[in-house]
Amino acid sequence: MSWGSELWDQFDNLEKHTQWGIDFLERFAKFVKERIEIEQSYAKQIRTLVKKYYPKRSSKDEEPRFTSCLAFFSILNELNDYAGQREVVAEEVGHRVFGELMRYSQDLKADRKTHLQDGRKAQQYLDMCWKHMDNSKKKFERECKEAEKAQQTYERLDNDSNTTKADVDKAKQQLNMRTHLADESKNDYAAQLQNFNGEQHKHFYIVIPQIYKHLQEMDERRTIKLSECYKGFADAERKVVPIVSKCFDGMVHAAKSVDERKDSQIVIETFKSGFDPPGDFPFEDYSQHIYRAVSDGTISTPKPDVVRIDSKNTVGKAKGKLWLFGKKPKWSFKMGPASEDFSHLPPEQRRKRLQQRIDELSREQQKEIDQKDALIKMKDVYEKNPQMGDPVSLQPKLVETMGNIDRLRMEINKNEGWLAEVEGKTVSRGDRRHSSDVNHLVAQGRESPEGSYTEDTNPEIPIQPQAHIHNDFDDEFDDDPLPAIGHCKAIYPFDGQNDGTLAMKEGDVLYIIEEDKGDGWTRARKQSGEEGYVPTSYVQITLEINSKGAVTYI
């Protein structure tokens, strides 16, 4: 199957077909170029997306810790790697496919031009041979007609008796000349015809088949090149498949690493304050005056206590102040300014921050110790080999390093002391809270037959029972001092820097003039007369509820 034998007369169509082949090649090259641009744009957009959603953290406190966040950031990293693989595909396709197509297109155009020019030259030469043959043929035909005409003239004159001999001889001479010219034209025509037939045979059986063979080979090479580019296009994709698969595997692994229990534990560690929940509301007995009035002047058996709650005064005032899902207790946003020992933070958060600081200081101390050891070794080397350096030059740096070690050791000891204080108080508070939960109501006094108060077992400060007055947390302090309804002992120091709060030291004993209404604050008064609110969880409270006894809770 050859174009030269099958398509010997289709030069124009072959010219159009080869041009279409080059156009198709260039169209595919344009497709590859646009695909490269899409891949590059896609990779750029993915990288921009990853950069947009990747965390911009400026401190360790802002580092993500939740497994769901870490998994998402791992997915972003894998996606960024995936974008890199798309760039690899674009680069590979651009180098192996697009660049090769553009080079081959130029070579193909040059070869096609050469082969078509050879074909046109061969056709022009054959046309020239045909013209020579055609001219000789026409000349031969013309000379034959002239010779035939001269013969007719000669025969007419020769048969005419009136014609002179000279005219007959002249006609004969003309006949001979025309006959001779006709013979020459005949010979030339025969030669030209033979030459044309030879050139035509050569043209259609040798020259044109060879030219068409080159065109056919060129077109087949173009087809093969397209096939190779198609394959290279797929190979560029297949080459990154293992890495892309690893990216997807990494995404799946990140998804499987999400641990909801661990995230819940992190939430606890992050926001746990270390405070105990508010205690139970004490029983408020408003019937003690009735019992006292009945027992005046008589000795009778005390009536049993009747639990009665005034919903308008007690429950109504506490309603709306109960937290977790109601209003926040005011201590949650009345924290003082930040301090070196983190005393402005709740116990649990304070413990965590102190532990973090101790760990950081320990790492810095270890670095300084390693540097000191290195300096000592270098100093020993210098002492043994003075030509290597002066050991005295290392002394200032060694002194500075040892000073840093001492400073860091002092900082660590100081923070460990604060940490031990926090952990010790947390444990003691937990023990006392547990004891209070076991024995919630503890009798602290006795009642005489007349219903009067006679004894308080607390040896610290004798407190006379007073009528309890209910006030909201946001009420202003009254001008007249409120009566004491119990006393408390501070188990934690409280700076009381905010308005309406009362500063106290550990071990201070205060008068209780208003109970905790469920918001975590108790109103107290110092022996000096200064009043304010203190955190309920910072004090151990003893309340005188009625003349029969008292309720103690922490």
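1. Sorted by class, the contact of H2 with H4 has 16 nonpolar, three polar and five charged residues. Please keep in mind throughout that this is a predicted model.

2. Now follow H2 to its other partner in this note, helix H3 (67-159). The axes of H2 and H3 come within 8 Å, and the crossing angle is roughly 165°. With angles over 145 degrees counting as roughly antiparallel, H2 and H3 are therefore roughly antiparallel to each other. The crossing of H2 and H3 is left-handed. In the contact of H2 with H3 you will find 28 nonpolar, eight polar and eleven charged residues.

3. On to the aromatic side chains. The structure holds 14 aromatic pairs. One of them joins Tyr54 and Phe73: the ring centres are 5.7 Å apart and the planes stand at 55°, so the pair is tilted. Tyr54 belongs to the loop between H2 and H3, while Phe73 lies in H3, so this pair ties together parts that are 19 residues apart in sequence.

4. Are the two partners of that pair buried or exposed? Tyr54 has 28% relative accessibility and counts as partly exposed. Phe73 has a relative accessible area of 13%, so Phe73 is buried; the cut-off for buried is under 20%.

5. Another aromatic group deserves a look on your screen. Phe28, Phe31, Tyr230 and Phe233 are linked into a cluster by ring pairs.

6. There is also a contact between a charge and a ring. Which ring does the charged end of Lys225 sit over? The ring is that of Tyr104, and the charged end of Lys225 is 5.6 Å from its centre.

7. Ile491 lies between strand E3 (486-490) and strand E4 (509-514), in the loop that joins them. Ile491 has a relative accessible area of 9%, so this residue is buried. Glu506 is 15 residues away from Ile491 along the chain, yet the C-alpha atoms of the two are separated by 5.2 Å.

Definitions and conventions. Residues numbered from 1 in each chain as written. Predicted model: local features only at pLDDT ≥ 70, side-chain atom pairs only at ≥ 80, totals over all residues. Heavy atoms only, no water. Nonpolar A, V, L, I, M, F, W, Y, C, P; charged D, E, K, R; others polar. Phe/Tyr/Trp six-rings, centres within 6.5 Å; stacked < 30°, edge-to-face > 60°. Helix = DSSP H or I, 4+ residues; strand = E, 2+ residues; numbered from the N terminus. Buried < 20%, exposed > 50% of the residue type's maximum accessible area, 1.4 Å probe, protein only. Lys NZ or Arg CZ within 6 Å of the ring centre and 35° of its normal. Axes fitted to C-alpha atoms, helices over the stretch in contact; angles between N-to-C directions. Parallel < 35°, antiparallel > 145°, perpendicular 65-115°, else oblique. Left-handed = near helix turned anticlockwise from the far one by under 90°.
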